[in-house]
Amino acid sequence: MKILTHWTLAFVTVVLITLFHYNNNYIVETARLKGFDLLQQYDKPVQSNDIAVVTIDEDALEKYGQWPWKRDVLADLIWKLRKAGAGIIVLPILFSEYDRLGGDQALQEAIVGNGVVIGQNGSFGADKNGVSRGVAKIGDPLPFLFEWDGMLGPIPFFAMADGVGVLNTVPEIDGVVRRLPMLMRVGDAVYPSIAIETIRVAVGEQSYQVKSNAGGIDKMRVPGYPIIQTDSNARVWLRWNKQFETISAVEEEHFYMLADKTVIIAPTADGIANIIASPKGGQYSYMPNAVALQNILDGDTISRPYWALLLEIGTTFSIGFLIVILGRFAPYWLAGASILVFAGGIGYGVYYAWINYLYLIDGTMPILAVILVGLHAVFARFVLEFFEKQKIKKQFAGYASPTVVRMLQENPALIKEGMKREVSIVFSDLRGFTPLGESFGDDVAGLTKIMNGYMDAITQPVLDMDGMIIKYIGDASMHIHNAPIHDPQHPKTAVQCGLDMLKAVEIFNDKITSEGRPPVGMGAGINTGLGYLGEMGSTQRHSYDVLGDSVSTAARIESKCKEYGCVLLVGDATYQQTKDDFFWLKVDDLAVKGKTVGIGIWTVLDNTKKSWSVAQRKHREMHQLYKDQKFQEAIEQCKLLHNHFDNRMSGYYDMWIERCEYMLTQDLPKDWNGVFVATTK
């Protein structure tokens, strides 16, 4: 044990991390690429003045019919764009088969000699009708180009188009498109991408020039156009901060806005559009070529310098070595501050190189070395003991705060004997699981990790307020306040805890969306009433639980969140004890499923503004109109309130308008009390 915790062992950690970094394996490469993605997240968006997109969207399909269209529809679209003064027209579409509807002749007339670039696809099987371009070579670039088994090109009718470019992207090892090859090969034939082919057509040249050396391709150019810097495989890094004006194919009256611009005609309708992964999330498949073209036009030359890897590995080793010395001989505060300073300095240096020079420098492994080596050097002797204590603590703290755990350890009778007490019950449920799950595909481990992160996020506010987690049910949770630890203000605590859980979900979303995952939401229901608490279950399997009518009512309230368009619903018993502590809005008088007596349902909003008080009064008036059966007037009041409260209640007002419209069709008694009877849970 002494050997394992000796301070010099941290030097071994430095060497191992450095060797791991030098190995440049899948993990290192993935971390590097994700670090590059993070730089793109902070890139300022730039609106293109050179390129626009005409979308074949749902409106276009509704007008022109099922895809693929008869090709004379595309021909007509091209002529309309040409009449509007568009520049080069790009169709990133593969025309590898004849039009079964007989529109090929019209499309041929539209694309030949008319400044139009169409697509072809690199293939692992088919090799038919590929259109290659001549390349003037300095050195031999062919060994360094991405190679396909075959090229599936357009039918001979269209081979005479001014430009034919490759549509394929080449994703990185994690499936994300960050670079795009400008040239590819099939055997000895060279094929250009759509992006570089568009430039060639624009300048009216017939071929390309490529310079290569022993290390790979050095640079390339279209004669008459400035040199384009590529990596050794003729790829350019994509700067994903470009934004393009988009116009639907049916908005012909706006085509005048496309004068002198390169126009990409691209399918975007569901079912016909292809989506690729980018550092900024899903993108339509035409975007890599559009971004590459705009990068070239803007002169955005993103590069990874030849000295970058040597700098990164040297930094990993040297700073790691220095951290070990500081961890051994410096005061603890200085060692801890050094970890923060070094990690922050590396991060800033990476960011500075990107912003000022568009250099891609990897700081992930040096930062990891700083953190891991620092922790090892400073805390090695305490790690084992710390984790042993954590294991013991987790056996109890899985459903209660440390304060509650200590109390239960001191008085186990609180669990064994049970109690009857007024409690505030909180149910929560995840919203948006389906798109989140779909984003992981078959990666069950990844989804499990992200769900554990979500549960950690919503659990921490409960533990901070000494609540008791009763159970997790899939992606839902249930917890209580005022048992077993006494809390005289438990209704207020429960409501504040619900608000803090929602804030925790927002922070959690910031993390997962930065990783390219869709955001999730949470719905919560709170109710206050008597509960019977204690250890319940069979003799072989049991747990701490709570029973009572107030519990089932809380569950029913939570289940109505989605229906009401609210994220936090509170029962009347809780509201009556906290109405002066929060900003409240009445939601409904509801008889939940299985009940005949209605209860008031409320929602609470945080970050209130002074101006909200007027809208709050109008909201109360709207409910009074509803109760007075003045449903049409209530509808008009909802419309006026729709955009108030920072649009947090817009979903609710949409639902309430539908409710009022429904009530207009009902034959209600004059003494109707305004209670709505739920027919579902």
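Which side chains meet in a salt bridge at 4.0 Å, N to O? Select Asp606 and Lys503, whose side chains make that contact; a salt bridge here is a side-chain nitrogen of Lys or Arg within 4 Å of a carboxyl oxygen of Asp or Glu. Asp606 lies in the loop between β26 and α20 (612–627) and Lys503 in helix α16 (residues 490–514), so the pair ties together parts that are 103 residues apart in sequence. Helices (H or I, at least four residues) and strands (E, at least two) are DSSP runs, numbered from the N terminus. Asp606 counts as buried at 18% relative accessibility, whereas Lys503 counts as partly exposed at 36%. Buried means under 20% relative accessible area, exposed over 50%, and partly exposed in between (1.4 Å probe, protein chains only).

This is a predicted model, in which local features need pLDDT of at least 70, side-chain atom pairs count only at pLDDT 80 or more, and totals for chains, interfaces and linings use all residues. Residues are numbered from 1 along each chain as its sequence is written, and side-chain values use heavy atoms, with hydrogens and water left out.

**Whole chain**

Zoom out. The protein chain has 22 helices and 27 strands. Its C-alpha atoms fill a box of roughly 85 × 80 × 50 Å along the principal axes. Of the 681 residues, 50% count as buried. The count of salt bridges comes to 34.

Select Lys80 and Glu252, whose closest N and O atoms are 2.6 Å apart in a salt bridge. Lys80 belongs to helix α5 and Glu252 to the loop between β15 (242–248) and β16 (262–267), so this pair ties together parts 172 residues apart in sequence. Lys80 is partly exposed, with a relative accessible area of 27%, and Glu252 also counts as partly exposed, at 29%.

Next, show Asp43, Arg239, Lys242, Asp298 and Asp300, which are linked in a network of salt bridges.

**Helix α7**

Move to residues 194–203. Of the 10 residues of helix α7, 8 are buried, so the helix is largely enclosed by the rest of the structure. Among the buried residues are Ile194, Ile196 and Ile199. Within α7, Glu197 and Arg200 are 3 residues apart, about one turn of the helix, and their side chains meet in a salt bridge (2.9 Å, N to O). Glu197 is buried with a relative accessible area of 0%; Arg200 is buried with 2%. After α7 comes Gly204, with a positive phi near 75 degrees.

**Sheets and strand pairs**

Two strands pair if DSSP finds at least two bridges between them.

Select β4, β11, β12 and β13, an open sheet in that order with mixed pairing. β4 (135–138) and β13 (228–229) stand at the edges with a single partner strand each, so one side of each is left without a neighbour in the sheet. β4 runs parallel to strand β11 (residues 208–213), joined by 4 bridges; Lys137 has Val210 as its bridge partner in β11.

A 3-strand open sheet has the order β5-β9-β10, also with mixed pairing. Its edge strands are β5 (146–147) and β10 (189–192), each pairing on one side only. Strand β9 (residues 183–186) pairs with β10 in the antiparallel sense over 4 bridges, and Arg185 stands opposite Val190 in β10.

Go to strand β2 (residues 89–94): 5 of its 6 residues are buried, so it is largely enclosed by the rest of the structure. It is joined in parallel to strand β3 (residues 116–123) by 4 bridges, and Val90 has Val117 as its partner in β3.

Now take strand β24 (residues 568–571). Leu568 and Val570 point one way, Leu569 and Gly571 the other, and all are buried. β24 runs antiparallel to strand β26 (residues 599–605), with 3 bridges between them; in β26, Thr603 is the bridge partner of Leu569.

**Surface patches**

Patches are made of residues with over 30% relative accessible area and no salt bridge; like charges are joined within 9 Å, and nonpolar side chains (Val, Leu, Ile, Met, Phe, Trp, Tyr) within 5 Å.

Select Val15, Leu19, Phe317, Phe321, Leu322, Ile325 and Phe329, a nonpolar surface patch with about 630 Å² of accessible area together (Shrake-Rupley method, 1.4 Å probe; for residues, only the protein chains shown count as cover). The elements giving two or more residues are α2 (9–23) and α9 (308–329); α9 gives the most, with 5 residues. Ile325, in helix α9, counts as partly exposed at 31% relative accessibility.
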